[in-house]
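I opened a new model today and kept notes as I went. I wrote down each thing I looked up, with the cut-offs I used.

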Amino acid sequence: MELLNNLYTGFSIALTFNNIIYCLVGVLFGQIVGVLPGIGAPTAIALLLPLTYKVNPTSALIMFAGIYYGVAYGGTITSVLINVPGESSTVMTCIDGYQMAQKGRAGAALSVAAIGSFLAGTISIIILMAFAPALARFALRFGPPEYFALTAMAFGLLTVFGGEQPIKTIISTMFGLLIATIGLDVVSGMPRFAFGVPQLLGGIDFIVIICGMFGVAEVFSSIEEPEEGEIIKQKMHLRDLFLTWEEWIASRWAILRGGVIGFIVGMIPAGGITTASFLAYLGEKRFSKHPERFGKGAIEGVAAPESANNSASISGFAPLLALGIPGSPTTAVMLAGFMMWGIRPGPMLFKTNPDLVWGLISSMYIGNLLLLLINIFLIPAFVAMLRLPYTIIMGFIVIFASVGAYSVNNNFFDVWMMLGFAVLGYLMRKLQYPIVPLVLGLVLGNLSENSLRQALLISGGSFSIFFNRPISLLFIIAAILAYLSPVFRWALKGLRQARVEVASNSESKQ
Amino acid sequence: MRLANLIGGVFVLILGLAVVFFSSQLTYYSEFGPGPGFLPLWVGMIISACGIYVVIDLLRKQGGKEEFFKLRTRLGLQIFITIIITFLLLPLLGFPIGLAFFIGVTMRMMGKHRWAPCALTAIITAIGIHFIFISWLTIPLPRGLIGW
């Protein structure tokens, strides 16, 4: 009954004319961003964030959420038609999607991606509606030790999902934490790392960093290594978008499995939509009775990762709304938005701002429906956008990043700072230091430090407070295991190598 | 790329040591619990340790084939210099005209378009920035000496 009440509250907000327009703008913009190379959801939202100071927070968040899940839909088009993922979350779609397109089934690939995303997204929203309030109620038990342990676990999980070089993930996270400490210390009022520069006393604004590291840095990387591919030219009629009965039978369980995997992975801090699509693809291949079809145009190879990435983009809102912990760079940017509007996401948000929470969640139904229609009827228009010269896209990114950085404090210092972070972001990408941990370290830095200090104040300086409380202990154990995961991986790799060597030695003896 | 990574590792190490040095000048522990230097000191120590690991690891390994400078790195550098010039000119030209200048120059430089389309795009950009950001969103962007 409570769920229905919440749904009613949510739809009464999401279905206002104003919010429908914001949702439509969001999903359309997201779809465009997904199609265009060199710009992703976090960049798009970061560039728009400073321009929404005066917009109603619920409407702005509806638009940003639309961009987030819209991007996943848009990235599919380039993956299928030119074998270049518009987004990292659609990398896996390239494998079978492009093969399908070469066999003349591009329409079916795009269609199953849209339908799968819609179905999995809808399931994800329903679970989110039931799960997020429960998570928020559970989080009401959290005190400073639990929050510190939770952030420590989130940082630890970054080393699990952060790529092949965990040491660089740790460095990147520490950079984020370090940048978060710049400015006046909230407890003692002492300046930290400001070096007498007055503009640094208030800290470095998140928008400035994001505009630089995601926006302009991406421009430098894209100029250096452009993503180029040839569009498969195919006349696409409406009937080409319909799936055959066999295709539908093959993809229905893939959609469900992808949706479930996506929901679970999306909720894990640092899990993210890319990991979700990757795991869904691998899982589907393992489940399949004919794994040899994968890589040669298997429709399940498109259905599963596409369902997973959309499902994960929606479930990523659960930790953000209920705990105030972002699970991905996009939700991290949205957290910055919450801060900008003076709203603190977390367990109390469901009580203090129910209109915002339920309006946002309900808008996702509308957004997904709009995206389904857009992807069935407007695909040619988005394909045409692939011909837009990168110079124009790059120009827009630089314009939005400069205006965004300037508008934070109305000074040029921030514009130069943004450019400095762009160079840092470019060099980090080039040297394979992941950016996402820096962003999460940055947005969670204050929460982490304040919780740590409060917890130690409560305990009189004893670290046992983190081990005496069951929830905190659980998070700390998870964090330790996560930090040790590279060691486990290294040990497993060594063990496998040793086995292979033993096997080859015994074979050579025979 | 190995040398670049090595320089990166040394930079990380120096940064970590600098953080340790500056945070050691802040209060580590006060009567109210951990002081402002508590977390930065630990962060600095972790960064330094990671820096040492990266440097030692690279010194032990063979270099890869990938080069730091690519064919188009020079173009990226040209764009970077154009951005710097644009930002230097922004207080004089204002945002609409300054950023329009950037668009025009990069279109010519990167896209090899003719001057006419570059100039036309620049004019449209200036008008767009003025009306969207200054008139519609009322962001107090500097308008430069021309006042537009």
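My entries on the two chains follow.

**Ground rules.** This is a predicted model, so I noted that local features need pLDDT of at least 70, that side-chain atom pairs count only at pLDDT 80 or more, and that totals for chains, interfaces and linings use all residues. Residues are numbered from 1 along each chain as its sequence is written, while chains are lettered from A and ligands numbered from 1 in the order in which they are written.

**Entry 1: chain A overall.** I looked up the elements of chain A and found 22 helices and two strands. Helices (H or I, at least four residues) and strands (E, at least two) are DSSP runs, numbered from the N terminus. Next I checked the spread of the chain. The radius of gyration is taken over C-alpha atoms, and the globule rule is 2.2 Å times the number of residues to the power 0.38.

I then looked at burial. A residue is buried if 20 or more other C-beta atoms lie within 10 Å of its own, exposed if 12 or fewer, and partly exposed in between; C-beta atoms are placed from the backbone. In chain A, 60% of the 510 residues are buried. For contacts, I used C-beta atoms placed from the backbone that lie within 7 Å. Of the contacts in chain A with a separation of 6 or more, 80% join residues 24 or more positions apart.

**Entry 2: A:L128.** I picked A:L128, which sits in helix α6 (residues 106–139) of chain A. Why does A:L128 count as buried? It has 24 C-beta neighbours inside 10 Å. Leaving out residues up to four places away in sequence, A:L128 touches A:I314, A:S315, A:F317, A:A318 and A:I361. I checked one of these partners along the chain. A:S315 is 187 residues from A:L128 in sequence, yet their C-alpha atoms are separated by 6.2 Å.

**Entry 3: α6(A) and α16(A).** I followed α6(A) to helix α16 (residues 354–377) of chain A. The two axes come within 10 Å and cross at roughly 175°. Axes are lines fitted to C-alpha atoms, for helices over the stretch in contact, and angles run from 0 to 180 degrees between N-to-C directions. The crossing makes α6(A) roughly antiparallel to α16(A), a label for angles over 145 degrees. From α6(A), the residues in this contact include A:L110, A:F118, A:I125 and A:L128. From α16(A), they include A:I361, A:M364, A:Y365 and A:I376. I sorted the contact by class and got eleven nonpolar, four polar and no charged residues. Ala, Val, Leu, Ile, Met, Phe, Trp, Tyr, Cys and Pro count as nonpolar, Asp, Glu, Lys and Arg as charged, and the others, Gly among them, as polar.

**Entry 4: A:A455.** I found A:A455 in helix α20 (residues 436–459) of chain A. A:A455 is buried, with 24 other C-beta atoms within 10 Å. Its contacts, not counting residues up to four places away in sequence, are A:P144, A:P145, A:F148, A:I465 and A:F466.

**Entry 5: two positive phi values.** A:F195 has phi near 50°, a positive value in a residue other than glycine. It lies in the loop between β2 (191–192) and α9 (206–224) of chain A. Is A:F195 buried or exposed? A:F195 is exposed, with 9 other C-beta atoms within 10 Å. A:Q432 also is not a glycine, and its phi is positive at about 65°. A:Q432 is in the loop between α19 (412–430) and α20 of chain A, and is partly exposed, with 13 other C-beta atoms within 10 Å.

**Entry 6: chain B.** I counted four helices and two strands in chain B. Their order from the N terminus is α-β-β-α-α-α. Chain B has a radius of gyration of 24 Å, well over the 15 Å that the globule rule gives for 148 residues, so it is more spread out than a compact globule. Buried residues make up 34% of chain B.

**Entry 7: where the chains meet.** I found 46 residues of chain B in contact with 40 residues of chain A. On the chain B side, α3(B) gives the most, with 17 residues. That side divides into 35 nonpolar, nine polar and two charged residues.

Terms used. Two residues are in contact if their C-beta atoms, placed from the backbone, lie within 7 Å. Angles under 35 degrees count as roughly parallel, over 145 as roughly antiparallel, 65 to 115 as roughly perpendicular and the rest as oblique.
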